[in-house]
Amino acid sequence: MKILHTADWHLGKRLDRFSRLEEQVLIMNEIAEIADEHNVDLVLIAGDLFDNFNPSTEAVELFYKTLKRLSNNGKRPVIAISGNHDSPNFIDAPDPLARECGIILIGYPKAKITPFALEDFKISKSAAGFLELELKGHSFPVRLLHTPYANEIRLKEYFGEDKEAELNNILANHWKETADEFCDENGINLLMTHLYMNKKGAPLLEEPEGEKPIKIGNADLVFSDIIPDQIQYTALGHLHGFKNIGTEEKPVVYSSSPLCYSFSEAGQSKYVSIINAEPNQPVSYERIALKNGKPLVRKTFQSVETAVEWLNENQNSLVELTLESETYLKAEERKLLYQSHNGIIYLIPKVKNQETDENSLADINLNQDIQTLFRDYFKSKNGGQDANEDLINLFNEILNP
């Protein structure tokens with residue numbers, strides 16, 4: 001059986017004021033094409049389906065269209081869980097219609113999915129946080145333990161957490177009891193969750209820059225060693241880089257986001273995971289690189305001329321541009337940079353530090369005129385750097401509106 005694992009779509013995501021929706025349309029189409037080309041039997045989407053609790057109409061439309069295409073008009077089951085960016089109620093809302101298209105949406109932890117049957121597959125068993133699928137053409141079932149993102153309130157509500165209990169213990173007990181009851185060697189056994197999971201003893205993996213953090217201290221840190229032995233593959237969401245924190249025999253995989261969503265991800269390749277699985281055997285998986293989407297680039301230049309030359313040659317990128325110079329950028333220099341490239345997300349002027357004589361700034365004569373005082377103040381706050389004429393002119397405009 002072939003299974004496609006993807007996560008962290010963040011539909012509706014913006015990078016500062018720049019919409020990524022056009023790129024997301026292309027990348028969703030690419031993921032659907034990969035599912036068809038590899039003839040996958042099942043699709044797993046491990047949370048952060050949208051970028052916020054109230055996604056735009058365009059993002060919602062893209063989501064439903066993509067799920068319908070992935071489901072191959074109800075012939076291929078698609079299972080999606082909510083992440084920490086998603087509203088569980090919003091994810092659950094279209095369930096009665098979605099299941100008619102072979103789409104299973106799971107918003108809350110310990111959800112029990114109502115069994116249903118379509119022509120090509122059916123849910124044969126269901127329990128809190130668990131479902132079993134039987135697919136046409138396969139003699140064995142697929143079992144899935146599913147745990148959407150659970151904040152502290154949901155943990156208490158759905159897992160009966162008391163203040164002294166640890167998240168690891170809560171999940172370990174729930175997953176083990178479920179796996180012991182339903183998962184044997186006669187089917188494929190999977191886990192899908194949207195949590196901050198790390199291998200015990202390994203360096204902590206960094207959460208994406210700009211991402212809503214899950215891990216607050218170590219209270220929400222989940223270790224991969226609590227995954228039940230029966231589980232053959234764990235499909236993770238939340239971290240945006242592809243990484244297997246399990247073993248080759250029992251992978252525990254962050255499949256990555258489909259696009260680079262912050263400049264901390266600049267230069268990263270993005271993937272989906274294609275899993276080959278059969279009962280009572282180690283799974284194998286292949287990461288398939290995604291090709292669409294604009295690259296995010298961090299660049300530093302010493303001169304405006306060099307920056308403009310590079311910008312003109314790299315028009316299809318989104319750029320965080322740092323300009324290091326002896327003086328602050330002039331208005332006409334800023335204008336020239338932005339005219340050279342429409343994908344400058346951040347422009348960061350950086351004035352080189354100059355050696356200053358601290359004693360020369362220690363005594364300030366308050367009887368000086370206001371413009372001289374401003375120059376002295378600016379110099380004291382900026383490593384001895386003098387204010388340029390643009391700043392002085394702006395200051396004068398403020399003084400004399």
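Ser 256 lies in the loop between strand 15 (252–254) and strand 16 (271–276). Helices (H or I, at least four residues) and strands (E, at least two) are DSSP runs, numbered from the N terminus. This is a predicted model: local features need pLDDT of at least 70, side-chain atom pairs count only at pLDDT 80 or more, and totals for chains, interfaces and linings use all residues. Residues are numbered from 1 along each chain as its sequence is written, and side-chain values use heavy atoms, with hydrogens and water left out.

Most residues other than glycine have a negative phi. Two exceptions are tabulated.

| Residue | Phi | Relative accessibility |
|---|---|---|
| Ser 256 | about 85 degrees | 0% |
| Asp 48 | near 50 degrees | 0% |

Asp 48 sits in the loop between strand 4 (42–46) and helix 2 (57–70). Asp 48 counts as buried (under 20% relative accessible area, 1.4 Å probe, protein chains only). Ser 256 counts as buried too.

Now the helix pair. The axes of helix 7 (residues 304–313) and helix 8 (residues 331–340) come within 9 Å and cross at roughly 15 degrees. Helix 7 is therefore roughly parallel to helix 8 (angles under 35 degrees). Their crossing is right-handed. In contact (heavy atoms within 4.5 Å), Val 304, Ala 307, Val 308, Leu 311 and Asn 312 of helix 7 meet Glu 333, Leu 336, Leu 337 and Ser 340 of helix 8. By class, that contact has six nonpolar, two polar and one charged residues.

Overall, the chain has 11 helices and 20 strands. Buried residues make up 51% of its 401 residues.

Key: Axes fitted to C-alpha atoms, helices over the stretch in contact; angles between N-to-C directions. Parallel < 35°, antiparallel > 145°, perpendicular 65-115°, else oblique. Left-handed = near helix turned anticlockwise from the far one by under 90°. Nonpolar A, V, L, I, M, F, W, Y, C, P; charged D, E, K, R; others polar.
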